[in-house]
Each structure stands twice: as C-alpha cells, then as structure tokens.
Amino acid sequence: MATSRLLRTSAAALAATALLISGCSSGSSSPEAAAAPGRTAEAGAQRPADDASLAPLPAATPANLRPYYDQKLSWHPCGVAGFECATLKAPLDYTKPGAATDLKLAVARKKATGPGSRIGSLLVNPGGPGGSAIDYLQQYAPQPAAVRARYDMVAMDPRGVARSEPVECLSDKQMDRYTQTDQTPDSPAEVNKLTTAYRNFAKGCESHSGKLLPHVSTIEAARDMDVLRAVLGDQKLNYVGSSYGTFLGATYAGLYPPRVGRMVLDGAMNPALDSRTINIDQTAGFNTAFTAFAKDCIKRKDCPLGTKSVQDAGRQLSALFKKLDAHPAETGEARKLTESLATTGVIAAMYDNRAWPVLRQYLAQAKAGNGRGLLTLSDSYYERDPSGDYANQMYANPAVNCLDLPSAFTTPDQVRASLPSFRKASPVFGESFAWASLNCGYWPVKPTGTAHRIVAKGAAPILVVGTTRDPATPYVWAKALASQLSSATLLTYDGDGHTAYGRGSDCIDTAINTYLLEGTVPPNGKHCK
C-alpha cells in the first residue's frame with residue numbers, strides 16, 4: 001500500500017529514533033570512554049576534545065592511499081533501467097591500508113540526461129545511519145528533473161550498509177523476538193530480560209561482523225566519499241544528505257573544507273551534542289510531533305484518542321500501550337502486537353504527517369483488539385518484509401552509532417535516575433526512549449568518536465535545512481549546525497514531518513534547486529510554509 005511505502009522510505013531515509021533497536025540515537029552513542037583529546041583515532045583523523053572542532057585532514061593524499069584514489073571503476077547495468085553500478089575499493093582501516101583487508105563498496109549512478117551542461121556528480125545519502133543510498137537513489141531520488149538533467153546522480157551504500165559489506169547480527173527469527181522485547185520494564189526480571197536482549201544483540205553482531213565493527217564510523221564513511229569523489233573525476237563533492245546524512249556530509253566538510261562543492265544538509269544533526277542530550281532532544285522532538293498529530297486528531301469526530309484535549313489524547317495512547325503490555329493484541333499471524341511493537345508503529349507514523357489518517361485508523365483497530373495495522377507500521381520501520389526477512393539497516397544503525405559516541409547510559413541504574421527527565425520530555429514516549437538509550441552500553445567495540453563542533457573553515461557555501469516540528473532531528477539542531485559551519489546558510493520549513501526537500505513545499509524545493517543548479521543560496525534565515 002502507498003502509505004507503507006511512504007513510511008518505509010521515511011524509516012530508511014531518516015535518523016534513527018531512541019527505540020529498542022536504535023537506542024543509540026541518530027548519529028551518536030557508544031559504550032565506554034572515547035579516544036583521548038587530540039589523539040589520532042583508527043579512522044586516521046584527529047578526534048577533537050569536548051567542545052573542540054573536527055580538524056581537517058592534510059590536503060595532500062598520502063602515498064599509501066594513492067592506489068585507492070587512482071582506481072578505475074568498471075560500470076555495468078544494474079537494478080533499475082537507466083542506472084549503472086560499480087564497486088569501489090576502500091581500506092578497512094585508513095591507518096593500515098592494504099589490499100588483503102580492502103572493503104568493496106557498492107556505487108550506483110544515473111548519468112545526467114540534459115538539456116543543459118553537466119555540472120558534475122551529485123552524491124545523495126538518505127540517512128539512517130544504515131539506510132541504503134542506492135535503494136533511495138533508484139526508487140525516490142531521480143527527481144527533480146531539472147537537477148537530474150544537469151548532474152550525474154550518484155549513491156554509495158556506506159561501509160557496513162546494504163550492498164557494502166553489510167553488518168549482520170541476528171537471524172530473522174531472533175530479530176522478531178528482539179523487536180518484541182518489553183522496552184518499558186516494570187520489574188527487576190523485566191529489566192534483566194531487556195539487558196539480556198541488548199547483550200545478545202551485541203554478541204550476535206560481534207560474532208557475525210566482528211572484523212568490521214571497529215571500522216564503520218562516520219569519519220571513515222566520509223573518507224570513503226572523498227575516494228569516490230576523486231574516482232568520479234570531480235574536483236569538489238556535490239552532495240544532498242538527509243537526517244544522519246547531514247552528519248555524514250558535515251563530517252566530510254570538516255575533513256575536506258576546500259573540496260566542498262554544493263552541499264545540502266536537510267534535517268540537520270548537531271555533532272556537538274553528547275548521546276544523552278541527543279536522546280533527550282529526540283524524545284522531545286517526537287513529543288512535538290505527537291502533539292501536532294493529537295491537535296489534528298481531536299478535531300475529528302472519529303479520533304480514536306478522544307476529542308477532549310491533547311493531554312487526554314496522550315493519556316489514552318499511554319493507556320493503550322499499557323493494555324498491550326499486559327495483553328498483546330491479535331494480528332492474524334503468530335506474532336502479536338506487543339507494547340514495544342505498537343510504540344514503534346506509532347513512532348513510524350510520526351515521520352510524515354501524510355501518514356496520520358492511516359495511524360488514526362490503525363489506533364482505532366488496536367483499541368478494538370486488532371493489532372494488524374500497527375504491526376504493519378512497525379514492520380515498515382524495522383524494514384521487515386512480508387516474508388519475515390529484515391533488511392540490514394537495523395544492524396548497521398547501532399554499529400555506526402555505538403562507534404561514533406560514548407553511550408548515553410551504561411547501567412540500568414543510570415536509566416532509572418534519568419527517567420524523570422525523559423518523562424518530562426515526553427509523557428507518552430519518554431520511558432521507552434530512556435531504556436532504549438542503554439543499548440550501546442553493551443556494545444562489544446569501544447567508541448572512537450566524541451562530541452565535537454564542525455566549522456569547515458574555507459568551505460564553499462553550505463545550505464542547512466531545518467523543519468520546525470521535525471520529530472527525529474529537532475529544529476534546534478539545524479540552527480546549531482548552521483551556526484557552527486563557517487559558510488552555512490539556514491533555510492527553515494515551518495511544518496510537520498522529518499526533512500523538507502521534496503515533501504510538497506514549492507518554496508523549499510525552489511530554494512534548494514536554485515542552489516544546486518546555480519550555486520546561489522537563499523537569504524539566510526529564509527522561512528517557508
């Protein structure tokens with residue numbers, strides 16, 4: 001159905017929320033201590049101290065990396081008509097490059113169609129982390145036609161993602177059980193069950209992908225992008241990134257400021273935040289989105305959460321979750337709709353206000369004892385297909401997040417102490433988001449990253465886009481990133497949902513397309529509705 005496709009796109013393209021599987025939150029989180037200030041980490045780039053800025057890499061390409069920068073791609077038809085694919089070689093470890101451990105990264109492109117002169121390549125990334133850039137390009141990003149005409153549209157699945165040496169963790173049956181784990185534990189036994197699930201998940205990732213796990217950081221993925229830029233023959237990187245893709249793009253700008261071309265960062269993240277702050281901010285962001293949904297819902301006679309007030313709607317949704325915690329709903333298959341799956345289904349619909357009508361319908365069904373609809377939404381978020389197969393995103397997601405930042409929490413007691421703050425941020429979702437923030441506390445690989453500012457001094461003009469009621473990447477993050485980047489302009493969409501480009505605002509689309517085609521940024525602070 002169309003709405004299922006919409007939400008699947010959103011989940012793949014956008015930041016991970018503080019749910020059970022994505023508890024490390026978009027673009028950050030990990031277990032213990034990070035690299036010491038100023039120390040050169042595994043990715044070969046300088047890791048900053050707290051409140052420091054990401055240091056650029058030397059302009060000259062090291063001799064031991066020249067074979068990667070000088071490689072030639074062998075293109076062949078693939079997948080969708082008009083697209084061609086190739087494989088890019090990149091070192092597993094940029095500090096120890098060597099053919100024996102090279103990674104094979106999948107790349108796809110659709111050449112510029114004309115009319116008009118070709119500008120160059122335009123690399124796209126839908127976020128996640130863990131979303132397949134190639135799937136996104138082939139299914140949803142050939143538009144707009146004016147941009148497609150002037151650019152070779154290009155996508156590369158980042159290391160550990162989809163076609164590029166994918167991280168693997170659990171069997172599909174194990175993943176089914178994992179997604180049903182109670183993420184609002186009410187007793188010591190339930191806490192133990194949740195932490196055991198986290199430990200087993202981490203052990204599964206280590207068992208299946210242990211060699212790769214230390215090398216899927218955002219900095220390493222950004223370095224892969226520079227290799228691709230050179231191999232494509234572009235002097236500068238033109239880029240459109242959404243959600244986590246903004247963190248990836250901003251990281252590239254911080255490492256290679258002179259090589260930034262036209263860069264759009266839509267649904268921006270703030271790299272200067274620690275994991276706990278990110279999780280609290282996202283909790284509040286989803287509360288903002290739910291409030292907008294509830295305001296719309298209570299105006300309708302058929303609202304399944306009543307017609308009294310937003311607060312009452314929240315209480316009714318919480319009551320539904322509590323009921324499902326005690327008595328999961330039938331779905332017409334072996335899996336029942338548990339509280340955790342229902343929460344995920346509701347969260348999935350918060351990404352895009354066009355899903356609100358379907359969410360109202362499915363909430364009404366769930367209140368009547370039929371959990372099939374919310375289970376469908378949950379499956380769309382987890383990228384579980386009708387045959388029960390899971391995509392790789394929900395494994396790549398924590399693998400990246402747990403490497404990029406130290407974990408928000410490392411013990412259940414720390415979570416308990418923070419529950420009041422999370423509940424204040426969202427009475428409906430706060431508790432589940434808080435416990436989900438413990439996920440990276442059991443990760444088998446120590447983080448290599450720390451929170452840091454990104455200045456990218458000397459970069460060409462960068463366009464940062466923020467949506468005022470964005471649930472996954474709150475608007476304050478876009479303002480923060482725009483203030484950090486030395487050459488950034490902030491473009492604001494006053495609306496609902498996650499990200500803004502291509503979601504129906506002519507004002508936003510015109511501003512971004514003009515920038516991509518002409519290099520002209522809109523006036524700083526421009527607002528669109």
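Which are the buried residues of H13? In this predicted model, helix H13 spans residues 372-382 and is mostly covered, with nine of its 11 residues buried. The buried residues of H13 are Gly373, Leu374, Leu375, Leu377, Ser378, Asp379, Ser380, Tyr381 and Tyr382. The helix is followed by glutamate 383, a residue whose phi is positive, near 55 degrees.

Two of the residues named above, tyrosine 381 and tyrosine 382, form an aromatic pair with each other. A search of the whole structure finds 15 aromatic pairs. One of these joins phenylalanine 286 and tyrosine 351 in an edge-to-face arrangement, with 5.7 Å from centre to centre and 80 degrees between the planes. Phenylalanine 286 belongs to helix H9 (residues 275-297), whereas tyrosine 351 lies in the loop between helix H11 (339-350) and helix H12 (356-367), so the pair ties together parts that are 65 residues apart in sequence. Both partners are buried, phenylalanine 286 with a relative accessible area of 0% and tyrosine 351 with a relative accessible area of 1%. The pair of tyrosine 381 and tyrosine 382 is likewise edge-to-face, at 5.6 Å centre to centre and 85 degrees between the planes. Tyrosine 381 counts as buried at 3% relative accessibility, and tyrosine 382 counts as buried at 2%, since the cut-off for a buried residue is under 20%.

An open sheet of 10 strands is found, with mixed pairing and the order S1-S2-S3-S5-S4-S6-S7-S8-S9-S10. Strand S1 (76-77) and strand S10 (526-528) stand at the edges, and each has a single partner strand, so one side of each is left without a neighbour in the sheet. Strand S2 (residues 84-90) pairs with strand S3 (residues 103-110) in the antiparallel sense over seven bridges, and within this pairing alanine 86 stands opposite valine 107 in S3.

Strand S7 (residues 260-266) has six of its seven residues buried, so this strand is largely enclosed by the rest of the structure. Strand S6 (residues 237-242) runs parallel to S7 and is joined to it by five bridges; valine 240 has valine 264 in S7 as its bridge partner. Together with helix H8 (residues 244-255), strands S6 and S7 make a right-handed β-α-β unit. Strand S7 is also joined to strand S8 (residues 462-469), again in the parallel sense, by four bridges, and here leucine 265 has valine 464 in S8 as its bridge partner.

The confidence of the prediction must be kept in view when these details are read. The mean pLDDT of the chain is 90, and 90% of its residues reach 70 or more. Over residues 1-50, however, the pLDDT is below 50, although this stretch has 217 contacts in the model beyond near neighbours in sequence. Where pLDDT is low, the predicted coordinates should not be read in detail.

Key
Residues numbered from 1 in each chain as written. Predicted model: local features only at pLDDT ≥ 70, side-chain atom pairs only at ≥ 80, totals over all residues. Heavy atoms only, no water. Buried < 20%, exposed > 50% of the residue type's maximum accessible area, 1.4 Å probe, protein only. Helix = DSSP H or I, 4+ residues; strand = E, 2+ residues; numbered from the N terminus. Pairing = 2+ DSSP bridges. Right-handed = clockwise from strand over helix to strand, strands pointing away. pLDDT = per-residue confidence, 0-100. Contact = heavy atoms within 4.5 Å. Phe/Tyr/Trp six-rings, centres within 6.5 Å; stacked < 30°, edge-to-face > 60°.
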